[in-house]
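Hi everyone, thanks for coming. I'd like to walk you through one structure today, starting with a pair of helices and ending with the nonpolar cores.

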Amino acid sequence: MSTPFASAAPYYARYRPPYPGEFHTLLADRFALDGSQTVLDLGAGPGTLGLSLAPLADHVYAVDPEPAMLAEGARLAEERGVTNISWLRGDDACVTRLCLPRIDLCVIGRAFRRMDRGRVLADLDEVLAPRGGVAVVESLYRPGDPRPAWLTVVEEVRERFLGPARPGQSGQSGQSGQSDRDDWDDLVDRLAKSPLSRVETHQWDQPVRHTVDEVIGLQLSFSSSGPDRLGDRMAAFETELRRALLDHDPRGTYARTLRIGAAVATRPRR
């Protein structure tokens, strides 16, 4: 059965901001990535993490429940000449049933929020190599930072077309809130209480500048405001959002700073 992520897949791949280079450097150093390791990208989407790690790995297994996301990732891999990724349909409940080889590194993005964290961490403990580990990465709340006014413009248009955001959707316009900060603290706590209890955290500030088209494309990449949700109102939504953004700032460039958090978890040293 198709999900709201199906129609959002091409927009997700094109318009979601990439993770900062510092994150990839951290993983390369922390797990001594030299082209001989096996990487699992769990909740991979179109391979945002897996594609960038492929040059550092022997093989990457990209796992996601949405076929459209996997198809988009496979298309991008072919376009870029990346041949060492397997695209597998599955979710966090099937980690131990995928018949994977020993995994040196599992990477998980924001999809970790939708997973049964306790179960998936226990399952990953079964498939990880002795010195393997998990790295979770996502955007965080920046306390005290002024909220860019253009994000309010976006949310006003979204609300006119889709109604008020439900709890848990505060970051759907692309800016995390305090609930995200609380969720991150819970995530780190869950890691520390798992078999992978040796946890280190890192943060980076990532300046991002969007064009009008990129702001619109970002909205279409979310399940809560993707093409399936908008239906025959999609063209009107794009037109209205473009008009509102240009009325707000005719220069057509919209800046913000993302705080990226990464938690790396491995087994305790013996």
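Helices here are DSSP runs of H or I with at least four residues, strands are E runs of at least two, and both are numbered from the N terminus.

Quick housekeeping: this is a predicted model, where local features need pLDDT of at least 70, side-chain atom pairs count only at pLDDT 80 or more, and totals for chains, interfaces and linings use all residues. Residues are numbered from 1 along each chain as its sequence is written, and side-chain values use heavy atoms, leaving out hydrogens and water.

Which residues in H8 meet H10? Among them are Val212, Ile216 and Leu220, and on the H10 side the partners include Phe237, Leu241 and Leu245. Sorted by type, the contact has 9 nonpolar, 1 polar and 3 charged residues.

Now the largest nonpolar core, which has 27 residues. A core is a set of buried Ala, Val, Leu, Ile, Met, Phe, Trp, Tyr and Cys residues joined through side-chain atoms within 4.5 Å, with buried meaning under 20% relative accessible area (1.4 Å probe, protein chains only). Phe23, Leu27 and Leu105 are among the members touching the most others. Strand E7 (253-266) is one of the contributing elements, and E7 gives the most, 4 residues.

Apart from that core there's another, of 26 residues, including Met115 and Ala263.

Definitions and conventions. Contact means heavy atoms within 4.5 Å. Ala, Val, Leu, Ile, Met, Phe, Trp, Tyr, Cys and Pro count as nonpolar, Asp, Glu, Lys and Arg as charged, and the others, Gly among them, as polar. Buried means under 20% relative accessible area, exposed over 50%, partly exposed in between (1.4 Å probe, protein chains only).
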